[in-house]
Amino acid sequence: MSTIYQTTGLVQTAVSQQRSVSAFRNCWTAFQEWRKWERLRRDLCSLSDRELRDIGITYGEIDYVASNRDTDPRGIRSPG
């Protein structure tokens, strides 16, 4: 009976460790994504109005573009 309990305790410890590692990995991934967003935002903010126009965005669209890197910024404006 004690052998079964000890084995169960080991399994619970392993599951607990996996959850901790998974939580850490999720936090690390989120932190890395935030760093990419912040770097892109900083780089875009450092561009002049003319340079931003050349790539098709304005200062008001920088946060959107940085948050939606997979979206073509030219598709967010109404035609005109």
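## An aromatic cluster on a helix

W28, F31 and W34 are linked into a cluster by ring pairs. Keep in mind that this is a predicted model, so let's walk through what its atoms say.

**The ring pairs**

How many aromatic pairs does the structure hold? There are 2. In one of them, W28 and F31 sit 5.7 Å apart, centre to centre, with 40° between the planes, which makes the pair tilted. The other joins F31 to W34: the ring centres are 6.2 Å apart and the planes meet at 25°, so this pair is stacked. Planes have to be under 30 degrees apart to count as stacked.

W28 and F31 both belong to helix α1, which covers residues 2-45, and they are 3 residues apart, or about one turn of the helix. F31 and W34 are likewise 3 residues apart in helix α1, again about one helical turn.

| Residue | Relative accessible area | Class |
|---|---|---|
| W28 | 46% | partly exposed |
| F31 | 36% | partly exposed |
| W34 | 46% | partly exposed |

Leaving aside residues up to four places away in sequence, L44 touches L52, I55, I57, Y59, I62 and V65.

**The cysteines**

A search for disulfides across the whole structure comes back with 0. C27 counts as exposed, at 54% relative accessibility, whereas C45 is partly exposed at 35%.

**The chain as a whole**

Stepping back, the chain contains 3 helices and 0 strands, and its elements run α-α-α from the N terminus on. Of its 80 residues, 11% count as buried. The accessible surface of the chain comes to about 6,700 Å², and carbon and sulfur atoms account for 55% of that area. As for contacts in the chain with a separation of 6 or more, 26% of them come from residues 24 or more positions apart.

To return to where we began, the cluster of W28, F31 and W34 is held in view by its ring pairs, one tilted between W28 and F31 and one stacked between F31 and W34.

Methods: Residues are numbered from 1 along each chain as its sequence is written. This is a predicted model: local features need pLDDT of at least 70, side-chain atom pairs count only at pLDDT 80 or more; totals for chains, interfaces and linings use all residues. Side-chain values use heavy atoms; hydrogens and water are left out. Rings of Phe, Tyr and Trp (its six-membered ring) pair if their centres lie within 6.5 Å; planes under 30 degrees apart count as stacked, over 60 as edge-to-face and the rest as tilted. Helices (H or I, at least four residues) and strands (E, at least two) are DSSP runs, numbered from the N terminus. Buried means under 20% relative accessible area, exposed over 50%, partly exposed in between (1.4 Å probe, protein chains only). Contact means heavy atoms within 4.5 Å. A disulfide is a pair of cysteine sulfur atoms within 2.5 Å. Accessible areas come from the Shrake-Rupley method with a 1.4 Å probe; for residues, only the protein chains shown count as cover.
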